[in-house]
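Please read them with the structure open.

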Amino acid sequence: MAQEQQQGVEQGLKEESPKVAVKTWREDLKRPWHLVRCGVGELLASVLLVRITSTSCAEFPGNGSLLQTALTYAFVYATLVQILASTTGHVNPFVTIGFNLMGQLSVIKVLVITNSQYVGSVLGSLLYKYSTPEDVRGANLCAMRVPEELGVTWWQTMALEAILSFVLFLVILAVNDQRMGIPAGYRPPIIGMTLAGCLLMGIKYGSGSLNPLRALGPAIIGEYQVYHLLQKCYQGVAYWKAASKKFL
């Protein structure tokens, strides 16, 4: 009797679990305007993300406190995710790749979205450069860097970046898992609060982006590429771990 009840519960859970309709790349090619919509949305969101978050560390009087920088980044990211929720709402290449690994995005859509994000990151830095007085732009256009003058080494920054990226990406995957039953409107605030907490811990170590878009634009336009390459590598490792853990 008990065994039959257990089987009934398991069967009920299977029936209640929503199924994700996976789109193949051939199906996406049949909807070119949808791909354009996703690409344009992510491009504009990336421009806004880099432009606004770079301003939080500009050298204006009284600007650039730890709390201000963290909350600015978190609120802007959560807002952009909410705005783009009807299409993608990633604004992070590793998040896009992660959903591909989870079987929710086709390869062609990943290529469209990630390339749009990278272009938007560079355009956002250009917008910041030419719309901000030169004297207050910050070092290398507020590029992410290792604070070696405080005794922090690059491997310490990279290790913390990997740990915090793992936490953030795992939360993103978890709240978007339909088995969790979290309403769509609650997901961006949860992600934003997680991002703010991670930034409050990591900014002083130089780990202040958890997103290659925030590091890419200033690294290219501000000619400060070395840190971005290392950071991107460690973020990728963290995300692969998070995606693998969620997938398994």
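The points below take the cores, then the disulfide, then other cysteines.

1. Basis. This is a predicted model, in which local features need pLDDT of at least 70, side-chain atom pairs count only at pLDDT 80 or more, and totals for chains, interfaces and linings use all residues. Residues are numbered from 1 along each chain as its sequence is written, and side-chain values use heavy atoms, without hydrogens and water.

2. Main core. The largest nonpolar core holds 28 residues. (Such a core is a set of buried Ala, Val, Leu, Ile, Met, Phe, Trp, Tyr and Cys residues joined through side-chain atoms within 4.5 Å; buried means under 20% relative accessible area, exposed over 50%, partly exposed in between, with a 1.4 Å probe and protein chains only.) Leu49, Tyr77, Val91, Leu168, Ile172, Leu195 and Leu210 touch the most other members. Two or more residues each come from α3 (32-55), α4 (66-83), α5 (93-101), α7 (154-175) and α8 (187-202). (Helices are DSSP runs of H or I, at least four residues; strands are E runs of at least two; both are numbered from the N terminus.)

3. Another core, of five residues, lies apart from the largest one. Its members include Ala58, Leu141, Cys142 and Ile221.

4. Disulfide. The count is one (cysteine sulfur atoms within 2.5 Å). Cys57 pairs with Cys142, S to S 2.4 Å. Cys57 sits in the loop between α3 and α4, and Cys142 in the loop between α6 (107-131) and α7, so the bond ties together parts 85 residues apart in sequence. Cys57 is partly exposed at 27% relative accessibility, whereas Cys142 is buried at 6%.

5. Other cysteines. Cys38 is buried at 1% relative accessible area. Cys198 is buried too, at 7%.
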